[in-house]
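Let's take a walk through a protein model together. Have the sequence and the 3D view ready, and turn the model as you read.

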Amino acid sequence: MAKGGSEEEGKGEGNLEKKLQKYSELLERDVKGVGEFFSNLGYPEVAKKFVENKIEGRLLPGLTNDHLIRMGVKIIGDQLRIMEEISYIRMVSRAKSTTKGIWEGQEFRQGPCRNMLQFK
């Protein structure tokens, strides 16, 4: 099995929902949580680099291949697999930001009598 298990995780709708939930939770994690995530994917040496460089979950969507190189991730296969994970994280991040409610308060409408009476 390849590092990350991407092939198995991508099969079936149930696995897709789990994967999306996993990435959504990752965006909320702190530095140690991000390190644990990548360590669990099979990249313990890369996980240490994420912790050393203080990469939090909210910073992951902006991560580029250039950042990985500057962090010291030299193996191209690891870079590609990590960037594949980052692309999923970006998708989830975009979906979360575009589905946020803009307004959660009560709607104001012009009522009768110069707004002295409530509009029902």
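We will go from the overall layout to one helix, then to the core, the aromatic rings and the charged pairs.

A word on the ground rules: this is a predicted model, in which local features need pLDDT of at least 70 and side-chain atom pairs count only at pLDDT 80 or more, while totals for chains, interfaces and linings use all residues. Residues are numbered from 1 along each chain as its sequence is written, and side-chain values use heavy atoms, with hydrogens and water left out.

Begin with the layout. The chain has seven helices and zero strands, which gives the pattern α-α-α-α-α-α-α along the sequence. Helices here are DSSP runs of H or I with at least four residues, strands are runs of E with at least two, and both are numbered from the N terminus. Of the 120 residues in the chain, 29% are buried. Buried means under 20% relative accessible area, exposed means over 50%, and partly exposed lies in between (1.4 Å probe, protein chains only). Contacts, meaning heavy atoms within 4.5 Å, also tell us about the fold: among those between residues at least 6 apart in sequence, 50% join residues at least 24 apart.

Now find helix α4, residues 44-52. Which residues of this helix are buried? They are Val46, Ala47 and Phe50. Seen down the axis of α4, these buried residues fall within an arc of 105 degrees, so they line one face of the helix. The arc is taken from the directions that run from the helix axis to the C-beta atoms. On the buried side, the residues of α4 pack against α3 (31-40), α5 and α6. After α4 comes Lys54, whose phi is positive, near 55 degrees.

In soluble globular proteins, nonpolar side chains tend to be buried together. A nonpolar core is defined as a set of buried Ala, Val, Leu, Ile, Met, Phe, Trp, Tyr and Cys residues joined through side-chain atoms within 4.5 Å. The largest one in this model has 22 residues, and those with the most contacts inside it are Phe38, Phe50, Leu60, Ile82 and Ile86. Helices α2 (13-26), α3, α4, α5 and α6 each supply at least two residues of this core, and α6 gives the most, with five.

Next, look for the rings. Rings of Phe, Tyr and Trp (its six-membered ring) pair if their centres lie within 6.5 Å; planes under 30 degrees apart count as stacked, over 60 as edge-to-face and the rest as tilted. The model has four aromatic pairs by this rule. In one of them, the rings of Tyr23 and Phe37 have centres 6.1 Å apart and planes at 65 degrees, so the pair is edge-to-face. This pair links distant parts of the chain, with Tyr23 in helix α2 and Phe37 in helix α3, 14 residues apart. Both Tyr23 and Phe37 are buried. Phe37 also pairs edge-to-face with Phe38, at 5.2 Å centre to centre and 90 degrees between the planes. Phe38 is buried, at 0% relative accessibility. Together, Tyr23, Phe37, Phe38, Phe50 and Tyr88 form one aromatic cluster.

Finally, come to the charges. Side chains of opposite charge can pair when their charged atoms come close. A salt bridge is a side-chain nitrogen of Lys or Arg within 4 Å of a carboxyl oxygen of Asp or Glu. How many salt bridges does that rule give? The count is three. Glu56 pairs with Arg58, with the closest N and O atoms 2.9 Å apart; Glu56 is partly exposed at 28%, while Arg58 is exposed at 60%. Asp66 pairs with Arg70 at 3.5 Å between the closest N and O atoms, and these two are four residues apart in helix α5 (residues 65-71), about one helical turn. In helix α6 (residues 76-98), Arg81 and Asp78 are three residues apart, and the closest N and O atoms of their salt bridge are 3.6 Å apart. Arg81 is partly exposed at 33%, whereas Asp78 is buried at 6%.
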